[in-house]
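Work through the exercises below with the coordinates open. Each task is followed by a solution in steps.

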Amino acid sequence: MVDVVSELTIGAPVEQVAAFAADPSNVPRWYNKISSVEWLTPTPVQVGSRIAFVARFLGRTLRYTYEVVEYAPGERLVMRPAEGPF
């Protein structure tokens, strides 16, 4: 077993970083494997939101949908696979 830890210090208030990270529309800006995001439910993010992602990984295009199952702004965002290869 291998444990890997990665850290990054961001020079911005926690509330600002949390709001950016919790908005699925921003995912392509911080995760280069995701090429597009499509909201399948109205914005903003809330429990029940469904978001379709398109990713490029190992030379393949993957399409999948996640659903938000828990959301506490500034504290917690939990999504689970709803459709696709995961």
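**Exercise 1.** Find the salt-bridge partner of Arg76 and state how far apart the closest N and O atoms are.

Solution. Step 1: in this predicted model, the partner of Arg76 is Glu70, and the closest N and O atoms are 2.8 Å apart. Step 2: check the surroundings of both ends. Arg76 has a relative accessible area of 46% and is partly exposed. Glu70, at 35% relative accessibility, is partly exposed as well.

**Exercise 2.** Identify the residues that salt bridges with shared partners join into one network.

Solution. The network consists of Arg50, Glu67, Arg80 and Glu83. Two of its pairs are treated in the next exercises.

**Exercise 3.** Describe the salt bridge between Arg50 and Glu83, and explain which parts of the chain the pair ties together.

Solution. Step 1: the closest N and O atoms of Arg50 and Glu83 are 2.9 Å apart, which meets the 4 Å cut-off for a salt bridge. Step 2: locate the residues. Arg50 belongs to strand S2 (residues 50–57) and Glu83 to strand S4 (residues 76–83), so the pair ties together parts that are 33 residues apart in sequence. Step 3: classify the ends. Arg50 is partly exposed at 24% relative accessibility, and Glu83 is partly exposed at 45%.

**Exercise 4.** Decide whether Glu67, which forms a salt bridge with Arg80, is buried or exposed.

Solution. Step 1: the N to O distance between the side chains of Arg80 and Glu67 is 3.4 Å. Step 2: this pair links distant parts of the chain, with Arg80 in strand S4 and Glu67 in strand S3 (residues 60–72), 13 residues apart. Step 3: Glu67 has 19% relative accessibility and counts as buried, because buried means under 20%. Arg80, at 44%, counts as partly exposed.

Step 1: The structure holds 4 salt bridges. Side chains of opposite charge can pair when their charged atoms come close.

**Exercise 5.** Characterise the largest pocket by volume, lining and residue class.

Solution. Step 1: the volume is about 280 Å³. Step 2: the lining comprises 18 residues, and those closest to the pocket centre are Val27, Tyr31, Ile34, Tyr64 and Tyr66. Step 3: helix H2 (27–30) and strands S2, S3 and S4 are the elements that each give two or more residues to this lining. Step 4: by class, the lining of the largest pocket has 16 nonpolar and 2 charged residues, with no polar ones.

Key. Residues numbered from 1 in each chain as written. Predicted model: local features only at pLDDT ≥ 70, side-chain atom pairs only at ≥ 80, totals over all residues. Heavy atoms only, no water. Helix = DSSP H or I, 4+ residues; strand = E, 2+ residues; numbered from the N terminus. Buried < 20%, exposed > 50% of the residue type's maximum accessible area, 1.4 Å probe, protein only. 1 Å grid on protein atoms, 1.4 Å probe; cavity = no way out; pocket = protein on both sides within 12 Å on 5 of 7 lines; lining within 4 Å. Points joined across faces, edges and corners; volume = space filled by probe spheres on them. Nonpolar A, V, L, I, M, F, W, Y, C, P; charged D, E, K, R; others polar.
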